[in-house]
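The entries follow the order in which I looked things up.

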Amino acid sequence: MNTLRKLTVIALGMVSAILFSAQAPAQPAGPVPARNVVLVHGAWADGSSWSEVIARLQAAGLHVTAVQNPLTSLADSVAATRRALALQDGPTVLVAHSWGGTVISETGMDPKVTALVYVAARAPDAGEDFVALSGKFPTMPARAGVQEHDGFTYLSEEAFLKYFANGVPHDKARVLYAEQEPTAASIFGGRTTVAAWRSKPSWYAVSKLDQTISPDLERFLAARMKATTTELEAGHLSLVSHAQEIVELILAAASRGS
């Protein structure tokens with residue numbers, strides 16, 4: 001009987017080992033690294049504002065697309081971003097600066113999007129009146145330089161150089177001023193239908209010296225979305241003045257860095 005019992009125990013052990021081995025491959029795998037990054041610029045800018053970030057991401061082996069955000073309406077900007085996402089061939093990190101955060105909050109539900117990165121950006125909830133939310137925080141100096149003509153807004157040269165591009169070398173800031181994209185006044189009141197950050201992992205770069213969006217508003221948004229957050233000694237254009245730190249945040253979101 002002792003021999004029979006021993007054989008039974010051995011047999012049961014072998015069956016258990018076989019079953020465990022068969023089940024092992026079904027265990028959840030770690031996060032799949034994204035090889036694509038789609039960048040969405042904000043108001044009073046164009047895709048070239050990402051140039052310092054793009055070069056570094058390409059050097060890291062990532063496929064990068066900068067959306068030429070039309071800034072004519074929220075619907076137009078969402079459509080342009082969706083066209084860019086449709087061209088990606090796999091897992092993609094979706095990144096936005098400033099008003100572009102509204103766009104990725106809407107488009108980030110795309111199944112290819114594995115992570116969202118907000119750079120001193122808006123991050124509205126679904127249907128939220130973001131203008132009203134912003135009114136609960138300090139009005140920043142750049143606002144006084146907004147000029148409107150035929151339904152489109154521009155930043156005055158003084159406001160752009162002094163407040164929008166604070167922390168950016170003067171010569172570079174003047175180039176960015178010349179490249180600023182006219183922005184429809186109506187887009188700032190546009191409301192999203194979803195908030196992708198509620199279901200997608202999110203990262204947020206707060207600009208502590210921002211003179212365009214209140215840093216306290218940025219902190220509120222980052223905390224609300226439970227984002228992995230970094231604070232930079234930067235003005236609103238941290239993607240220009242602190243490109244390396246922004247790249248590191250994007251690489252972390254792509255599961256390629258810490």
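**Helices on the sheet**

I note that the model is predicted, with local features needing pLDDT of at least 70 and side-chain atom pairs counting only at pLDDT 80 or more, while totals for chains, interfaces and linings use all residues. Residues are numbered from 1 along each chain as its sequence is written, and side-chain values use heavy atoms, with hydrogens and water left out.

I then found that helix α8 (residues 215–224) packs on the sheet and touches β8 (202–207) and β9; its direction makes about 165° with that of β8. Contact means heavy atoms within 4.5 Å. Angles run from 0 to 180 degrees between N-to-C directions, with axes fitted to C-alpha atoms, for helices over the stretch in contact. Helices (H or I, at least four residues) and strands (E, at least two) are DSSP runs numbered from the N terminus.

**The sheet**

I traced an open sheet of six strands with parallel pairing, in the order β2-β1-β3-β4-β8-β9. Strands pair if DSSP finds at least two bridges between them. I recorded β2 (63–67) and β9 (228–232) as the edge strands, each pairing on one side only. Neighbouring strands are turned by 15° against each other on average, direction ignored.

I checked β3 (residues 92–97) against β4 (residues 113–119) and found parallel pairing over six bridges. The bridge partner of H97 is V119 in β4.
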